[in-house]
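My notes follow in the order I checked them.

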Amino acid sequence: MISQGPASVDVVVIGAGPVGLACALEARRRGLSVCVVDKGALVNSLVGYPTNMEFFSTPELLEIGGYPFPTAHYKPLREDALDYYRRVAVAEQLTLRLYERVLRLEGQPGAYAVVTEKGRLATRYVIIATGFFDVPNRLDVPGADLPHVSYYYKEPYAHVGQSVVVIGAKNSAAKAALQLVRAGAQVTLVVRGSAVSDSVKYWIRPDLLNRIAEGRIRAYYQTTVHHIGPDSVGLLTPEGPVELLAHYVYALTGYRPDYSLLANLGITFQDDAARTPTHNPDTFETNQPGVYLAGTVCGGLNTSRWFIENGRHHAAVIAAQLAVPATIE
Ligand SMILES: Cc1cc2nc3c(=O)[nH]c(=O)nc-3n(C[C@H](O)[C@H](O)[C@H](O)COP(=O)(O)OP(=O)(O)OC[C@H]3O[C@@H](n4cnc5c(N)ncnc54)[C@H](O)[C@@H]3O)c2cc1C
């Protein structure tokens with residue numbers, strides 16, 4: 001499964017996430033040779049998700065290539081999904097180049113070269129399925145890059161008895177705050193708006209609000225972070241500045257597509273609020289002929305527009321447009 005593959009293929013898929021894998025399967029089924037390149041592990045984003053995260057979607061909505069996703073749980077766990085996508089990639093004997101970062105695109109339509117940190121891959125078509133999970137929306141305050149500030153949350157166990165500040169008001173921040181307080185951390189939630197987001201799932205939001213109401217989680221609303229020190233966080237609250245003890249800070253303030261990579265691949269951007277990477281919404285072809293976007297990356301800064309459930313369907317739409325190489329009789 002993991003191999004260099006040939007130096008020339010019909011289709012290069014950039015990104016071995018669920019949607020990139022779906023694209024590879026569909027293109028293969030049309031008789032095209034495909035190589036999937038990822039800068040990290042297979043389904044690298046899922047590898048980086050919270051250790052015991054539970055998907056919001058039921059398993060059939062995460063399936064790709066028609067492979068059933070049997071799970072013991074109504075909502076699959078991260079480990080179930082890691083195992084499922086690995087099994088699909090193995091079953092299909094996909095050619096994967098993992099831990100190989102794509103740098104840029106050279107050449108012209110019909111004769112592109114995908115340049116990676118390890119070499120070049122000649123190809124007719126490129127499908128960009130690079131998601132959004134690699135570039136966090138960093139805090140623009142002093143101390144934002146200190147070692148005890150993290151933009152990714154895995155699990156609570158390192159924080160027993162510690163004061164932890166969680167910044168954010170959406171699902172990731174809500175789940176982290178709840179797990180942390182249940183694992184014995186003193187948790188403060190810092191929310192820029194006037195309430196926990198309405199987009200927090202209906203079974204998580206009341207749990208969080210009840211923990212705040214009973215005082216187990218302290219919450220500051222309409223509050224921004226002013227600075228982060230080695231063991232404190234300075235807040236600007238409606239009542240004035242507040243200095244909090246903080247052994248650890250989780251800034252769960254979202255992520256954005258890698259715009260510098262997209263520019264290096266020749267993709268332009270729309271002048272809209274989501275800074276949408278240019279593509280035809282019906283075909284997913286970009287401003288570069290034969291270069292397609294698929295999955296979450298299509299939404300630009302609107303990272304909740306496309307997810308696995310709906311993004312996986314881009315694969316069939318794109319594959320149907322790829323010209324199958326002529327066979328020699
Ligand atoms: C906590 C959490 C829970 C979620 N739950 C659900 C859910 O229940 N249902 C649902 O449908 N969605 C869910 N999502 C969203 C979903 O996981 C993403 O939308 C999904 O991963 C998108 O798939 P993708 O293939 O487009 O991108 P990704 O899975 O992000 O894959 C992109 C890949 O591109 C690679 N890449 C990036 N840059 C380069 C480069 N320069 N060179 C090579 N490779 C590169 C990355 O390493 C990565 O493997 C959840 C997300 C989070 C964070």
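These entries cover the domains, then their contact, then the ligand.

Entry 1, domains. I noted to begin with that this is a predicted model. I looked up the domain assignment of the protein chain and found domain 1 at 8–135 + 255–321 and domain 2 at 138–251. I then checked the spacing: the C-alpha centres of the two domains are 32 Å apart. For the contact I listed 13 residues from domain 1 and 11 residues from domain 2.

Entry 2, the interface. I asked how much area domain 1 and domain 2 bury between them. The value is about 970 Å², with 45% of it on carbon and sulfur atoms. I searched for salt bridges across the interface and the rule found 0. Polar contacts between the domains came to 7 residue pairs. Sorting the domain 1 side by class, I got 7 nonpolar, 3 polar and 3 charged residues.

I found 30 residues around the ligand, the closest being Asp38, Ser45, Tyr49, Phe56 and Ser57.

- A side-chain N or O atom of serine 45 is 2.6 Å from a ligand oxygen.
- A backbone N or O atom of valine 102 is 2.9 Å from a ligand nitrogen.
- A polar backbone atom of glutamate 309 is 3.0 Å from a ligand oxygen.

Last, I checked cover: the ligand on its own has 990 Å² of accessible area, and the protein covers 93% of it.

Methods: Residues numbered from 1 in each chain as written. Predicted model: local features only at pLDDT ≥ 70, side-chain atom pairs only at ≥ 80, totals over all residues. Heavy atoms only, no water. Domains from an automatic or database assignment. Contact = heavy atoms within 4.5 Å. Buried area = accessible area lost by both parts, 1.4 Å probe. Salt bridge = Lys/Arg side-chain N within 4 Å of Asp/Glu carboxyl O. Polar contact = N/O pair within 3.5 Å; in protein donor to acceptor, adjacent residues only side chain to side chain. Nonpolar A, V, L, I, M, F, W, Y, C, P; charged D, E, K, R; others polar. Near = heavy atom within 4 Å. Areas by Shrake-Rupley, 256 points an atom, 1.4 Å probe, with all protein chains shown as cover.
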